[in-house]
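Dear colleague,

Please find below the structure that I am handing over to you, together with its sequence.

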Amino acid sequence: MNIHNNKRIFSSKKTNLYTLTMLMAAGFILASCKDTPLPLGDAAESSVAAAENATAPVSFWVATDTHYLDKDLQDGGEAFQAYVNGGDGKILPYSDELMEALVYDTQQKKPEFLILSGDLTNNGEASSHKKLAEKLKRVEASGTDVYVIPGNHDLNNPWARSFKADKQVVAEHITPGDFTELYSDFGYSEAISRDKDSLSYLVQAAPRLYLLMIDSSQYANNESYGFPQTDGRILPSTLSWMDECAKLAAEKQASVITVMHHNLLSHTSMSVSGFKLNNSQETMKTLRKDGLNLVLSGHIHMQDIARDSDPTTDGTADSGDTPVYDIATSAMAVNPHQYGAMRFDPVTRAVTYHTTAVDVEGWAKANGNTDPHLLAFKSYAEGVFAGQSYSKAMGRLKDSTFSESEKKSMAEVMARLNVNYFAGTAASALDEIKSMPGYELWMGMDGGFMSGYIQSMAKDKVLSNVSLEMVLTKP
């Protein structure tokens with residue numbers, strides 16, 4: 001058995017009672033959910049008991065889709081610029097600075113722990129993983145624990161590339177074994193239980209709070225396919241393992257938050273595949289059976305909060321079942337570069353969530369950075385994202401019969417709506433956007449992807465996409 005790294009237990013990174021719960025976790029066999037604690041001694045057992053009974057609320061963050069790219073893998077040349085311009089809005093030229101700003105934020109605000117729910121790297125480059133792990137060590141050194149799971153970009157990825165002048169060059173990628181070794185200190189060595197068929201694990205993140213970290217990605221065939229498989233599923237054996245973990249949590253009177261990369265629920269009205277779990281219905285049955293009603297996910301890159309029971313006009317559920325929530329936090333690599341700031345009350349089991357933009361400008365000023373884009377990052381990043389959205393709309397409309405002024409008006413709507421849609425704030429901007437001349441032109445189009453996309457973004461929604469208050473059910 002691989003016992004936890006003692007330097008993490010006894011270091012000064014934590015000063016509250018939660019640190020002592022790690023002592024108890026150190027005694028568990030990792031192969032199953034059966035808790036077989038090693039003898040700790042009277043003093044240690046007393047401290048563990050006190051930690052388990054701690055009642056202070058805990059603050060923590062969830063970020064996803066960081067898509068970190070090692071700065072040494074790109075020279076800013078023609079190949080890299082073409083890759084960025086043809087991409088999906090990730091601000092890769094400032095990937096390193098963005099992650100440094102997230103590290104800075106944790107050092108300043110000191111959440112109890114940070115969850116990273118997959119797609120840690122751009123395309124699974126070995127050097128990107130190694131550099132990111134070094135940054136996460138600094139997060140932990142400042143007093144914030146880190147827990148990670150892989151996403152569909154992270155493992156066995158044949159698309160790993162570096163960029164030199166006008167060429168893309170194949171880069172080294174990592175395997176699942178490499179992943180658990182590189183990120184051992186960020187969940188795997190603290191795990192109470194490890195699933196034998198995936199990189200899923202169970203960890204006690206705080207008093208009375210377990211994280212069920214689920215590996216939903218499929219990467220075994222990536223190299224034979226020649227491309228990364230993007231859709232996700234949870235293996236039947238992993239679903240059974242989740243049952244055992246829920247039983248353990250119930251024995252310990254702990255609440256559970258489930259974390260996965262792929263979405264449990266649909267976060268768009270468009271008919272698109274690859275975002276929601278392939279076996280979402282079976283997964284939902286397991287979650288309901290186990291009394292688990294909160295999932296944190298990513299993958300789709302936009303900010304959206306969904307529940308499995310459609311709300312009525314007053315926001316209440318129209319079903320007798322307790323709603324299961326799936327919070328898809330927007331991609332850290334994409335405007336508005338935000339994470340979910342959360343709080344858990346161990347007494348009431350109440351959880352709160354609200355989006356918070358990473359403070360790139362504060363980090364830049366604190367470090368004497370003179371890059372004007374970083375010193376005014378919020379407006380710069382929004383402008384870049386809006387510009388990309390505008391250009392893509394104009395490209396789609398190029399062969400249409402609309403006049404040039406009409407095309408520009410429609411592209412302006414697309415840019416404005418896309419900025420708010422990815423931030424989760426479309427509802428608050430909808431009235432103003434609908435009053436723009438280009439909006440009616442989009443609505444008058446008969447079919448087409450872009451028109452359908454505009455209509456999906458403009459749908460009214462009762463629930464907020466940027467904040468939530470809910471209560472965890474008992475496993």
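The largest pocket has a volume of about 850 Å³. Pockets and cavities were found on a 1 Å grid over the protein atoms alone: a pocket is an open set of points with protein on both sides within 12 Å along at least five of seven lines, a cavity is a set where a 1.4 Å probe fits but cannot get out, and lining residues have an atom within 4 Å of a point. Grid points are joined across faces, edges and corners, and a volume is the space filled by probe spheres set on the points.

Please note that this is a predicted model, in which local features need pLDDT of at least 70 and side-chain atom pairs count only at pLDDT 80 or more, while totals for chains, interfaces and linings use all residues. Residues are numbered from 1 along each chain as its sequence is written, and side-chain values use heavy atoms, with hydrogens and water left out.

Helices (H or I, at least four residues) and strands (E, at least two) are DSSP runs, numbered from the N terminus. By class, the lining of the largest pocket has 12 nonpolar, 13 polar and 5 charged residues, where Ala, Val, Leu, Ile, Met, Phe, Trp, Tyr, Cys and Pro count as nonpolar, Asp, Glu, Lys and Arg as charged, and the others, Gly among them, as polar.

The second largest pocket has a volume of about 690 Å³. Of the 28 residues that line it, Ser266, His267, Asp304, Ile305 and Lys461 lie nearest its centre. Strand S11 (304-307), H16 and H18 each give two or more residues to this lining, and the largest share, 4 residues, comes from S11. The lining of the second largest pocket divides into 12 nonpolar, 10 polar and 6 charged residues.

The axes of H15 (residues 404-423) and H16 (residues 426-434) come within 9 Å and cross at roughly 160°; axes are lines fitted to C-alpha atoms, for helices over the stretch in contact, and angles run from 0 to 180 degrees between N-to-C directions. That makes H15 roughly antiparallel to H16 (angles over 145 degrees count as roughly antiparallel, and those under 35 as roughly parallel). On the H15 side, Val413, Arg416, Leu417, Asn420 and Tyr421 make the contact (heavy atoms within 4.5 Å) with Ala426, Ala429, Leu430, Glu432 and Ile433 of H16. These residues divide into 7 nonpolar, 1 polar and 2 charged.

Helices H10 (residues 236-251) and H11 (residues 280-290) pack at an angle of about 15°, with their axes 10 Å apart, and are therefore roughly parallel to each other. Leu239, Met242, Asp243 and Ala246 in H10 meet Glu282, Thr283, Thr286, Leu287, Lys289 and Asp290 in H11.

With kind regards

Technical notes: Parallel < 35°, antiparallel > 145°, perpendicular 65-115°, else oblique.
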